[in-house]
Amino acid sequence: MANSDESNPLLPNQEEIEMANEKKYGVPVGKNVGAPLPAAIPVGWTTDGLPVSESMMERTHWDSGLFSCLGRNDQFCSSDLEVCILGSVAPCVLYGSNVERLGSSPATFANHCLPYTGLYLMGNTIFGWNCLAPWFSYSIRTAICGKFNLEGSSEALARSRGCCGSLVEDEVRREQCETACDFATHVFCHPCALCQEGREIRRRLPHPGFNAQPVLVMIPPGEQTIGRRV
């Protein structure tokens, strides 16, 4: 019976089964069973919960430097000047606008601009400088780096100066160091940090008010009359 089954032309033979498995799984079956399976492709996860490949996990740089207050001479030059003026005169408005573009949720601007204004006034009245608002606003820098996969301060130091290498390798310690660096950046260079974040967000995200769907208005044709020749 075994010979009749193997010689049956309606049944696939063993070689065809092994070739099909080799094409499907990439590992020869039956010839080298003890061979190790191919290594899985390393993947990571985005802030939206989607897997990304190793090439996409490479950190990108900020579009402009921390002290590039006037921005760059490109199509966003007018927006960069607006950001610079707001960061110098009305940082509460710039911070609220940055969070609004980043979050795109209702009442985001007011929920962040008003508390920032209160802390700004308290800091300048009691201590003589804006030392309280950075405690409230530094978290947006961490959110921007996570959303756009930007290089943090500790990673920039490790790349340029060769220091903080052990902190960068450890994921938990790297996040803690990045949070501390973001807080220090907002405390000591607060207007520059807000302006850099504003330039980065405006280059990557449109204003939520521009995302509305266009409304199509259909105008009926006018009344048509047929002229008669006399």
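**Helix packing and cysteines**

Helices α4 and α7 are roughly parallel to each other (an angle under 35 degrees; over 145 would be roughly antiparallel, 65 to 115 roughly perpendicular and the rest oblique). Their axes come within 11 Å and cross at roughly 30°, α4 spanning residues 91-103 and α7 residues 139-148. The crossing is left-handed, that is, the near helix is turned anticlockwise from the far one by less than a right angle. On the α4 side the contact (heavy atoms within 4.5 Å) is made by Tyr95, Asn98, Val99 and Leu102; α7 contributes Ile140, Ala143, Ile144, Lys147 and Phe148. These residues divide into 7 nonpolar, 1 polar and 1 charged.

The model is predicted, with pLDDT of at least 70 required for local features and 80 or more for side-chain atom pairs, while totals for chains, interfaces and linings use all residues. Residues are numbered from 1 along each chain as its sequence is written, and side-chain values use heavy atoms, without hydrogens and water.

Helix α10 (residues 171-188) and helix α11 (residues 190-204) have axes that come within 5 Å and cross at roughly 115°. Here Thr185, His186, Val187 and Phe188 of α10 meet His190, Ala193, Leu194 and Glu197 of α11. By class, this contact has 4 nonpolar, 3 polar and 1 charged residues.

The disulfide count is 0, a disulfide being a pair of cysteine sulfur atoms within 2.5 Å. The cysteine sulfur closest to that of cysteine 92 belongs to cysteine 113, at 4.3 Å, which is too far for a bond. Cysteine 92 is buried, at 17% relative accessible area (buried is under 20%, exposed over 50%, partly exposed in between, with a 1.4 Å probe and protein chains only). Cysteine 145 also counts as buried, at 9% relative accessibility.

Technical notes
Axes fitted to C-alpha atoms, helices over the stretch in contact; angles between N-to-C directions. Helix = DSSP H or I, 4+ residues; strand = E, 2+ residues; numbered from the N terminus. Nonpolar A, V, L, I, M, F, W, Y, C, P; charged D, E, K, R; others polar.
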